Amino acid sequence: MAGELWGSAFSLAGVVLGGALTAFTQRAAQRSADRAEERRQSAATAETRRAEQVQAIQEFLACAQLAERVAYARPEPWGADEDGWMTRAQAVMTKLWTADRGVVLLCDPALEAPARAYGRALNQAVWREIGDVEANEYLEEHKSAFMIAARASLART
């Protein structure tokens, strides 16, 4: 009878040990799967965020290019809204400042100052607050600073 009792006890201990090992293995596998899903989600979020940043920078640059065109097309001398230039210029500058806010919202904070400086330089070029300096010469430094900051910002993401 004692042998049967020991046999049953060992059998029960084996079942308990096997169950515990199975539970431990399943828990470890689930935790590993959860971590892998977290990494996948994090990578997907980072990629989406980067795409938004690239889009914001592209939108800003497209608006900046439109503002440069407006600056070069400004009539001399100007005063009245000749051929609708001033109306077009105001619309383009509104788009530029809206795109600037997109850069501020979505991109690295280090990009805010160069974007703002480039936007102000474009505004001054459009409204000819730059004296006798050619627009492209005046804008080059600000454009370069923005492009360098944008590249650095995108490299960090």
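## Helix packing and buried residues in a predicted model

Not counting residues up to four places away in sequence, Phe60 touches Leu96, Ala99, Asp100, Val103, Ala115, Tyr118, Gly119 and Phe146, where contact means heavy atoms within 4.5 Å. The model is predicted: local features need pLDDT of at least 70 and side-chain atom pairs count only at pLDDT 80 or more, whereas totals for chains, interfaces and linings use all residues. Residues are numbered from 1 along each chain as its sequence is written, and side-chain values use heavy atoms, with hydrogens and water left out.

Phe60 is also among the residues with the most contacts inside the largest nonpolar core, together with Leu96, Leu111, Val126 and Phe146. This core has 32 residues, and H1, H2, H3 and H4 each supply at least two of its residues. A nonpolar core is here a set of buried Ala, Val, Leu, Ile, Met, Phe, Trp, Tyr and Cys residues joined through side-chain atoms within 4.5 Å. Buried means under 20% relative accessible area, exposed over 50%, and partly exposed in between (1.4 Å probe, protein chains only). The helices are DSSP runs (H or I, at least four residues), numbered from the N terminus.

Two packed helices are described by the angle between their axes and the distance between the axes. For helix H2 (residues 85-106) and helix H3 (residues 112-126), the angle is about 175 degrees and the axes are 10 Å apart. H2 is therefore roughly antiparallel to H3, a term that applies to angles over 145 degrees. The axes are lines fitted to C-alpha atoms over the stretch in contact, and angles run from 0 to 180 degrees between N-to-C directions.

On the H2 side, the contact is formed by Trp85, Ala89, Met93, Leu96, Trp97, Asp100, Arg101, Val103 and Val104. These meet Glu112, Ala115, Arg116, Gly119, Arg120, Leu122, Asn123 and Val126 in H3. By class, the residues of this contact comprise 10 nonpolar, 2 polar and 5 charged. Ala, Val, Leu, Ile, Met, Phe, Trp, Tyr, Cys and Pro count as nonpolar, Asp, Glu, Lys and Arg as charged, and the others, Gly among them, as polar.

The table lists relative accessible areas for selected residues.

| Residue | Relative accessible area | Class |
|---|---|---|
| Cys63 | 3% | buried |
| Trp85 | 3% | buried |
| Gln53 | 5% | buried |
| Cys107 | 6% | buried |
| Arg128 | 29% | partly exposed |
| Ile148 | 56% | exposed |

Gln53 is found in helix H1 (residues 2-72). Leaving aside neighbours within four places in sequence, Gln53 is in contact with Leu106, Cys107, Leu154 and Thr157.

The structure holds 0 disulfides, a disulfide being a pair of cysteine sulfur atoms within 2.5 Å. For Cys63, the closest cysteine sulfur is that of Cys107, which lies 14 Å away and is therefore too far for a bond.

Arg128 is found in the loop between H3 and helix H4 (135-156). Although Arg128 is not a glycine, its phi is positive, at about 55 degrees.

Trp85, in helix H2, and Ala44 are 41 residues apart in sequence, with a C-alpha to C-alpha distance of 44 Å. Ile148, in helix H4, is 37 residues along the chain from Leu111, and their C-alpha atoms are separated by 9.4 Å.

Notes
Angles under 35 degrees count as roughly parallel, over 145 as roughly antiparallel, 65 to 115 as roughly perpendicular and the rest as oblique.
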